[in-house]
Amino acid sequence: MTAQATQVDIIIVGAGIAGLTLVNLLAKQGKSLAVVDRVLPPKFDREQPCDVRVTAVSPGSRAIFEHIGIWPQVQAKRTSAFDAMVVWDAASSAEIHFCAREIRQSVLGYIVENKAILSSLHEPLREVPGVHWYVPGSVTDIVHRDDGIEAILENKQLLRAKLLVGADGSRSGVRGLAEIPYAEKPYLQQGIVANVQTEFSHQRTAWQRFLKTGPLALLPVGSDKKHRECSIVWSADHEYAKQLMQMGEKEFSQEITTASDSRLGKVRLLSERADFPLISGQAGNLVKPRIALVGDAAHTLHPLAGQGANLGLTDVAILADILEHTKRDIGSLRMLRKYERARAGEVQVMQSAMHAFVAVYGSSSKPVVAARSVALSIAEHTPSMKRFFMEHAMGLNRDRPVFAR
Ligand SMILES: Cc1cc2nc3c(=O)[nH]c(=O)nc-3n(C[C@H](O)[C@H](O)[C@H](O)COP(=O)(O)OP(=O)(O)OC[C@H]3O[C@@H](n4cnc5c(N)ncnc54)[C@H](O)[C@@H]3O)c2cc1C
């Protein structure tokens, strides 16, 4: 038997970075919301060592958090700003430097623990009367009505709304129930994350070295005053990734030291290691009548540019902006298509760029190595090209809502 229905404006399935940011944006507009997730967002404890899952938050994403009013809380937890980035190639002497000053900015971004973001997004929502939580919960069925949509939860609870948003990650159940096709391309690599201590200061710089087996990034984290704590994101072919996960701590530390070219001196492992399969995925469409997909439910990227969460935050900023300004039915396909059109370009460009990087830097063929060295060298000496890359990666381009720039 189905329990009595709850009526809200919008149902949001998934309370990850994209879902919770959308909940905050829409709660600010006074919309009534039902939030469904299997688990509650995690709590942050300053006494605990750094979380191994971190996100490179772009200035564009910071603007979204500022608009919601949670950025001071995120900063008060633990964030590491970086104002430079160095990318270099293991197979040649080519390297490129990005510096915030070149585009008159004070930072390129912030490395923030995922727990710090999620808990800051969740805290202000606990007392908002229009936000109803269904946790633990998941949607088992979706029913379309003429004037709305219904979601039936595992416990038979019935939710009714004008719009349902799937923010439930790369394995999105909403996407499946809505029968939205999904194209997936595995990179045949695992992403390994861990925290390390370096011998020399990271100099508020994000370091990334392209190895034949995949890129290794060392990103500033933590509150160490000597700037010697980094989060590593190491993308490696399956076989090598398996070896890296099985190595003893000393051997693993030595392996990172060598793989990072000893740029930051000797590296020592500080935390456990976690690994994730790296997959590029794209939903065939982002909307259907009364349904929209955002974040990883809509698209996933290779983490080498640290843009997955930032893309999801742009999704929700644009969707929230369209919903705020529409006088029509907020679930109508015509209105939702505006969101889909607004997102198509950036996501496609980003995915194509990631595929190209992985293919070009995964090759050790001499002509390819020579060509990429020349390309990197040209980019290094072309300020306008560097500015273009930086402005896009930082989310400073103009095709975003004003509050998200
Ligand atoms: C190794 C690695 C490093 C990365 N580094 C960066 C970086 O530096 N910068 C960056 O921008 N991005 C980065 N990313 C990508 C980023 O982590 C993701 O894009 C981002 O977390 C996606 O957020 P989301 O809210 O869309 O989905 P998720 O974080 O996956 O959240 C989905 C939510 O939905 C819930 N859920 C799932 N299924 C159901 C269901 N059936 N019913 C109810 N609830 C459900 C989950 O519990 C979860 O809370 C990285 C990714 C990896 C793998």
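User: How many bridges join strand β10 to strand β11, and which way do the two strands run?

Analyst: Happy to start there! This is a predicted model, in which local features need pLDDT of at least 70, side-chain atom pairs count only at pLDDT 80 or more, and totals for chains, interfaces and linings use all residues. Residues are numbered from 1 along each chain as its sequence is written. Strands (E, at least two residues) and helices (H or I, at least four) are DSSP runs numbered from the N terminus, and two strands pair if DSSP finds at least two bridges between them. β10 (residues 139-145) and β11 (residues 148-153) run antiparallel, and the bridges joining them number six.

User: Which residue in β11 is the bridge partner of R145?

Analyst: β10 and β11 make a hairpin with two residues between them. The partner of R145 in β11 is G148.

User: In the hairpin of β11 and β12, which residue takes a positive phi?

Analyst: β11 is also joined to β12 (residues 158-161), antiparallel, by four bridges, and E150 stands opposite R160 of β12. Between the strands of this hairpin there are four residues, and the one with a positive phi, near 75°, is K156.

User: In what order do the three strands of the open sheet lie?

Analyst: Strands of a sheet pair through backbone hydrogen bonds, either parallel or antiparallel. Here the pairing is antiparallel. The order is β4-β8-β5.

User: Which residue in β8 is the bridge partner of F82?

Analyst: Four bridges join β5 to β8 (residues 109-113), and these strands run antiparallel. In β8, F82 has as its bridge partner G109.

User: At about what angle does helix α4 run to β8?

Analyst: α4 (residues 114-122) lies across β4 and β8. Its angle to β8 is about 85°.

User: Which element gives the largest share of the shell around the ligand?

Analyst: The ligand is surrounded by 31 residues (a residue counts as near if its C-beta atom, placed from the backbone, lies within 6 Å), the closest being G14, G16, G169, G295 and G308. Elements giving two or more residues to this shell are α1 (17-28), β4 (54-57), β14 (182-198) and α8 (308-325). The largest share, four residues, comes from α8.

Note on methods
Contact = placed C-beta atoms within 7 Å. Axes fitted to C-alpha atoms, helices over the stretch in contact; angles between N-to-C directions.
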